[in-house]
Amino acid sequence: MKLKQRVVLLAILLVIFIFTKVFLIDNLDTSAANREDQRAFHRMMASLHVELDPRLDHTLQSPWEIAAQWVVPREVYPEETPELGAVMHAMTTKKIIKADVGYKGTQLKALLILEGGQKVVFKPKRYARDYIVEGEPYAGYDRHNAEVAAFHLDRILGFRRAPLVVGRFVNLRTEIKPVATEQLLGTFMTVGNNTCFYGKCYYCRETEPACADGDIMEGSVTLWLPDVWPLQKHRHPWGRTYREGKLARWEYDESYCDAVKKTSPYDSGPRLLDIIDTAVFDYLIGNADRHHYESFQDDEGASMLILLDNAKSFGNPALDERSILAPLYQCCIIRVSTWNRLNYLKNGVLKSALKTAMSHDPISPVLSDPHLDALDQRLLSILATVKQCTDQFGPDVVLVEDRMTLSHL
């Protein structure tokens, strides 16, 4: 065989090899990943309903120790959590041994210490389920039930980045006041026949207390993350100015994402994709108030964006605030696993799944039907937004494969 023929033959073989690698092997890998996404979805659906059961099988650990061991840089809790019901049961029933004003912030909350030394954040009920919060998408008081619903949506989306939340009824007279600090106790009052408190926070006012029904107050409790995982606060690159007449750069610069991609930690690692996931999450729940976010400290962009403080959600089911999706439609990228999960939740599956997941909660029904219906409608808007991106740039650019191994030691 002549040299020229050999070169041509080798070139043909090389082309065949590249074709096989790119179009066959990679496609097989992608198909395997997609099949795993589907299996993960079915596992999640099978474990949606969580019975609040105090029993802990095959362990001598406390529920607090179990929950603390779940936390790793990319998850607050693992995919399979047979002890989840026991931990949540403890959150809603364990004796309160200390009550104090909440950590600094804009909204009313209380910091409770439960038997066994576990800290939880208590957010009181301020609105009836069918109350519509008018005005700006971030208007109104915190919604305790929104925290509960957002936690279960986090489970359904497979993110597992939101701390555990469960509803709880507390007796302010017998459970809180006897163990309250002087600072918290000084904010208690009686309005009519109801016990109330207004706490300490930026917007806390004596004229705007949260009131129980008699002595019994409905609220949510959020499990405090372990102290061995200190948090670092970051300004959200798509945060609002909260000043009338002053727009943030992302609100008028359609190329803003290009600038974000050049800054740390968004220039490498998973953080930008976490921002996109969070935009999807926040749009579904109607949360336009994520001006800051938290990650674990000294993570150099490797840890997850933790989905804390979701209470400015589910305020108005008729309001779909599209600007929440700005990271998605300006960057036009999304994780393949997130895209797959969203597609599995079409055709009413999301509403049904969330309703099932929340049905066990002590404050059930957690959401009114209009809010559940809004979730399905918003999901369609997200899918349409991604399709616009793929039509413009192609799926190979928009759908990003980013599956990170999560280790629970």
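Strand S5 (residues 188–191) pairs with strand S6 (residues 194–197) in the antiparallel sense over 4 bridges; strands count as paired if DSSP finds at least two bridges between them. Helices (H or I, at least four residues) and strands (E, at least two) are DSSP runs, numbered from the N terminus. The model is a predicted one, in which local features need pLDDT of at least 70 and side-chain atom pairs count only at pLDDT 80 or more, while totals for chains, interfaces and linings use all residues. Residues are numbered from 1 along each chain as its sequence is written, and side-chain values use heavy atoms, with hydrogens and water left out.

Together the strands make an open sheet of 3 strands in the order S5-S6-S7, with antiparallel pairing. S5 and S7 are the edge strands, each pairing on one side only.

A further open sheet has 5 strands in the order S1-S2-S3-S8-S4, again with antiparallel pairing. Strand S1 (96–101) and strand S4 (165–171) stand at its edges, each with a single partner strand, so one side of each is left without a neighbour in the sheet. Neighbouring strands of this sheet are turned by 35 degrees against each other on average, direction ignored. Inside the sheet, strand S2 (residues 110–114) and strand S3 (residues 118–124) run antiparallel and are joined by 5 bridges, with Ala110 opposite Phe122 in S3. Helix H3 (residues 84–93) lies across S2, S4 and strand S8 (216–223), running at about 25 degrees to S4. Axes are lines fitted to C-alpha atoms, for helices over the stretch in contact, and angles run from 0 to 180 degrees between N-to-C directions.

Helix packing comes next. Helix H4 (residues 144–157) packs against helix H8 (residues 271–285) at an angle of about 135 degrees, with the axes 11 Å apart. H4 and H8 are therefore oblique to each other, since angles under 35 degrees count as roughly parallel, over 145 as roughly antiparallel, 65 to 115 as roughly perpendicular and the rest as oblique. Ala150, Leu153, Asp154 and Leu157 in H4 meet Phe281, Leu284 and Ile285 in H8, contact meaning heavy atoms within 4.5 Å. By class, this contact of H4 with H8 has 6 nonpolar, no polar and 1 charged residues (Ala, Val, Leu, Ile, Met, Phe, Trp, Tyr, Cys and Pro count as nonpolar, Asp, Glu, Lys and Arg as charged, and the others, Gly among them, as polar).

The axes of H4 and helix H11 (residues 349–358) come within 10 Å and cross at roughly 120 degrees, which makes H4 oblique to H11. Ala149, His152, Leu153, Arg155 and Ile156 of H4 make the contact with Leu350, Ala353, Leu354, Ala357 and Met358 of H11. This contact has 8 nonpolar, 1 polar and 1 charged residues.

Finally, the structure holds 23 salt bridges, each a side-chain nitrogen of Lys or Arg within 4 Å of a carboxyl oxygen of Asp or Glu. In one of them the side chains of Arg39 and Glu36 meet (3.2 Å, N to O). Being 3 residues apart in helix H1 (residues 3–46), Arg39 and Glu36 are separated by about one helical turn.
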